[in-house]
Amino acid sequence: MANLDLKSDKILGPAGLEPGVLSVHEGRIAPDTTGRVVDLSGYILLPGIIDLHGDGFERHLAPRRGAMKQMSEGLIATGAELAANGITTGVLAQFVSWEGGVRGPEFAAQVFEAIRDTAPALVTDIRAQLRLEIHLLELYADLPDRLSDWNVDYVVFNDHLPHDRLAEGRKPPRLTGQALKAGRNPEKHFEMLLDLHARRAEVPAALDALCPRLTAQGVRLGSHDDHSAEGRIVWHQRGARIAEFPETAEAAEAARDAGDTIVLGAPNVVRGGSHKGNVSALDLVSMGLCDALASDYHYPSPRRAALLLADSGVVSFAEAWRMISEGPARALGLEDRGTLEPGMRADIVILHEETRHVAATLAGGQLSYLSGTIGDRLFG
């Protein structure tokens, strides 16, 4: 894009939406006017959305079993979808799980290699997060080296084993379908789950040894679905400073007391509650227990959640948008984005004022999405 001065009645600054001119020069927000003036009256100019955690990319990288051989094509499609939803930095949350299939270690390695090799050429800033099932102890020894090779610096720990049922020797629901998806015999799959459950006593010590190794090489750590204050405190002690989607207010309060970042699911806010029956993200936001909102499984949700929070008066417009821009940037240590202050990357999402749909997205000053008549103004 050429250097531009974007003039609008509504540009988000520290005090909220104000009239002014947002100048873009060589991919950065400039302190002074710099180029051709573009009249964007009727549009709202906001910092680009930073998505801390999203797995909606799976449909692009693995639409059907064996269908996607060129993952780079899937990543290009993912970048386009992110941009269409105002997301300028997207963290793709890839499982490494006992579930196998698209969440197995082999597929995950292909995803991380594709992100490493393809993402630098994309306009949307695409990054990777490893979601690791903590009972896969055999992966711990080599994990730091694998992460270094993949250029992955963000790991979140999960435990989705159905421990209650396994403790009783009962098969979990949907086991057969899950096993067949992974290409396993259902009985063998059940035996594997029982074996993983049987080794649960080894997991805490293994994590206590692994986490410092990861932290020492600059990997950012988080926990996922914390259920109790005690459990969140343990993760904090291991160096996990991000609490993703806490399931209870007690866990979220423990994260806040420790000074950790609390990430909530934007779809939870839009729905008005958790689809799993956990604590409502809307309630946690109202209690001041939210630093960032993430797309989780639905890329349009961060924008929709921020607008809903502002419209309902739960927080101000500036505070709501901060949860999908400045808050996530701070959590990831990205000091060059998240606001529209001079010197920052020109990551800008432009909303149509009436519909509040995304009309255009700029990432690093480059156009990543454009729709409708706004093109006439930008290129006229």
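The exercises below, each with a worked solution, concern a predicted model of one chain.

Residues are numbered from 1 along each chain as its sequence is written. In this predicted model, local features need pLDDT of at least 70 and side-chain atom pairs count only at pLDDT 80 or more, while totals for chains, interfaces and linings use all residues; side-chain values use heavy atoms, with hydrogens and water left out.

**Exercise 1. The whole chain**

Task: State how many helices and strands the chain has, and compare its radius of gyration with that of a compact globule.

Solution.
- Step 1. The chain has 16 helices and 16 strands. Helices (H or I, at least four residues) and strands (E, at least two) are DSSP runs, numbered from the N terminus.
- Step 2. The radius of gyration is taken over C-alpha atoms, and the globule rule is 2.2 Å times the number of residues to the power 0.38. For 380 residues a compact globule would have a value near 21 Å; the chain has 21 Å, so the two agree.
- Step 3. Along the principal axes, the C-alpha atoms fill a box of roughly 65 × 45 × 35 Å.
- Step 4. Of the 380 residues, 52% are buried. Buried means under 20% relative accessible area, exposed over 50%, and partly exposed in between (1.4 Å probe, protein chains only).

**Exercise 2. The parallel sheet**

Task: Give the strand order of the open sheet and explain why one side of E6 and of E13 is left without a neighbour.

Solution.
- Step 1. The open sheet has 8 strands in the order E6-E7-E8-E9-E10-E11-E12-E13, with parallel pairing. Two strands pair if DSSP finds at least two bridges between them.
- Step 2. Strand E6 (49-54) and strand E13 (292-294) stand at the edges; each has a single partner strand, so one side of each has no neighbour in the sheet.
- Step 3. On average, neighbouring strands of this sheet are turned by 25° against each other, direction ignored. Axes are lines fitted to C-alpha atoms, for helices over the stretch in contact, and angles run from 0 to 180 degrees between N-to-C directions.
- Step 4. Helix H9 (residues 229-238) packs on the sheet and touches strand E9 (154-158), strand E10 (220-224) and strand E11 (242-244); the direction of H9 makes about 170° with that of E10. Contact means heavy atoms within 4.5 Å.

**Exercise 3. Strand E10**

Task: Find how many bridges join E10 to E9 and to E11, and decide whether E10 is enclosed or open.

Solution.
- Step 1. E9 and E10 run parallel and are joined by 4 bridges. Val155 has Leu221 in E10 as its bridge partner.
- Step 2. E10 and E11 also run parallel, joined by 3 bridges. Here Ser223 is partnered by Ala243 in E11.
- Step 3. Since 4 of the 5 residues of E10 are buried, the strand is largely enclosed by the rest of the structure.

**Exercise 4. Glu353**

Task: Locate Glu353 and list its contacts beyond its neighbours in sequence.

Solution.
- Step 1. Glu353 lies in the loop between strand E14 (348-352) and strand E15 (358-363).
- Step 2. With a relative accessible area of 30%, Glu353 is partly exposed.
- Step 3. Leaving aside neighbours within four places in sequence, Glu353 is in contact with Lys10, Gly42, Tyr43 and Ile44.
- Step 4. The side chains of Glu353 and Lys10 are joined by a polar contact of 3.0 Å. A polar contact is a pair of N or O atoms within 3.5 Å; within protein, one must be able to donate a hydrogen and the other to accept it, and residues adjacent in sequence count only if both atoms are side-chain atoms.
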